[in-house]
Amino acid sequence: MKNLLLPLCLFTFTSIANAHVTLEQAKAKAGSYHKLTFKIGHGCEGSTTHTVKISLPEAATGAKPMLKPGWKIDTVSKTLSKPYESHGKTITTGVREVTWSGGQLPDAYYDEFSIQVKLSDEVGKQYFKVTQLCEKGRLDWIEIPTEGQSSKALKSPAPVLEVEAPNDIAPHH
């Protein structure tokens with residue numbers, strides 16, 4: 001029995017130590033509407049998470065966060081460096097940060113925080129910086145790999161969305 005418990009304990013410790021904030025769907029089509037679901041897998045040094053802040057790149061526009069019972073949502077809008085057209089209007093400002101606060105996410109559980117966005121036609125990797133505030137401490141998931149560097153080499157990598165070219169053939173419904 002002892003021989004079975006040691007590998008299980010090592011696996012559990014390794015899984016917790018390697019846990020990061022991740023996106024449920026890490027790929028999307030350029031120019032599409034996409035639901036970004038950020039998975040928070042643990043607290044800070046064993047303590048409860050009470051605030052999650054997500055910073056959006058400009059390639060993600062029209063952000064609409066999903067309500068979460070027991071959590072308050074705040075957004076920060078900023079002037080965009082590149083305005084865009086939506087429903088016949090020129091959009092010059094947009095939500096750049098979404099913060100959920102006041103809730104309780106104990107370390108022993110995970111939860112998901114979702115935002116709907118419209119992706120630009122830009123193909124490539126889009127990084128979303130996440131700050132997680134806890135009763136004891138904070139975790140900043142903000143590191144972006146340099147050219148040729150793997151995100152696996154980073155201690156606190158920002159969640160990444162791989163934006164792919166849309167299919168040339170429209171689906172038949």
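**View A. Glutamate 45 is exposed, with a relative accessible area of 81%.** Here exposed stands for over 50% relative accessible area, buried for under 20%, and partly exposed for values in between, with a 1.4 Å probe and protein chains only. The structure is a predicted model, in which local features need pLDDT of at least 70, side-chain atom pairs count only at pLDDT 80 or more, and totals for chains, interfaces and linings use all residues. Residues are numbered from 1 along each chain as its sequence is written, and side-chain values use heavy atoms, with hydrogens and water left out. Glutamate 45 sits in the loop between β3 and β4. Strands (E, at least two residues) and helices (H or I, at least four) are DSSP runs, numbered from the N terminus. The phi angle of glutamate 45 is near 50°, which is positive although the residue is not glycine. Most residues other than glycine have a negative phi.

**View B. Histidine 87 also has a positive phi, near 55°, and is not a glycine.** The residue is found in the loop that runs between β6 (72–86) and β7. Is histidine 87 buried or exposed? With a relative accessible area of 76%, histidine 87 is exposed.

**View C. One disulfide is present in the structure.** A disulfide is a covalent bond between the sulfur atoms of two cysteines. In this model, a pair of cysteine sulfur atoms within 2.5 Å is taken as a disulfide. The partners are cysteine 44 and cysteine 134, with an S to S distance of 2.1 Å. The angle about the S-S bond is 60°, and the link between cysteine 44 and cysteine 134 is right-handed. Cysteine 44 belongs to the loop between β3 and β4 and cysteine 134 to strand β10 (residues 129–134), so the pair ties together parts 90 residues apart in sequence. Cysteine 44 is buried, at 2% relative accessible area. Cysteine 134 counts as buried too, at 6%.

**View D. Arginine 96 lies in strand β7, which covers residues 89–105.** Arginine 96 has a relative accessible area of 7% and is therefore buried. Which residues does arginine 96 contact, leaving aside its neighbours within four places in sequence? They are Ile54, Ser55, Leu56, Pro57, Glu58, Ala60, Thr61, Val76, Ser77, Lys78 and Leu80. Contact means heavy atoms within 4.5 Å. Proline 57 is 39 residues away from arginine 96 along the chain, yet their C-alpha atoms are separated by 7.1 Å. The side chain of arginine 96 also reaches the backbone oxygen of alanine 60, at 2.6 Å.

**View E. Glutamate 97 is another residue of strand β7.** Glutamate 97 counts as buried because its relative accessibility is 17%. Apart from neighbours within four places in sequence, glutamate 97 is in contact with Lys53, Ile54, Ser55, Asp74, Thr75, Val76 and Lys78.

**View F. The largest nonpolar core has 26 residues.** A nonpolar core is a set of buried Ala, Val, Leu, Ile, Met, Phe, Trp, Tyr and Cys residues joined through side-chain atoms within 4.5 Å. Phe38, Ile54, Ile115 and Phe128 touch the most other members. Two or more residues of this core come from each of β3 (33–40), β4 (49–55), β5 (60–65), β7, β8 (111–119) and β12 (160–164). Isoleucine 115 touches His34, Lys35, Leu36, Phe38, Ile54, Leu56, Ala63, Lys64, Pro65, Val98 and Trp100, not counting residues up to four places away in sequence.

**View G. Aspartate 121 is in the loop between β8 and β9 (124–127).** Its relative accessible area of 65% makes aspartate 121 an exposed residue. Not counting residues up to four places away in sequence, aspartate 121 touches Ala30 and Gly31. Alanine 30 is 91 residues from aspartate 121 in sequence, while the C-alpha to C-alpha distance between them is 4.7 Å.

**View H. The chain as a whole has one helix and twelve strands.** In order from the N terminus, the elements run α-β-β-β-β-β-β-β-β-β-β-β-β. The chain has 173 residues, of which 35% count as buried. Among contacts with a separation of 6 or more, 70% are between residues 24 or more positions apart. The chain exposes about 11,100 Å², and carbon and sulfur atoms supply 56% of that area. Accessible areas come from the Shrake-Rupley method with a 1.4 Å probe; for residues, only the protein chains shown count as cover.

Note on methods. Polar contact = N/O pair within 3.5 Å; in protein donor to acceptor, adjacent residues only side chain to side chain.
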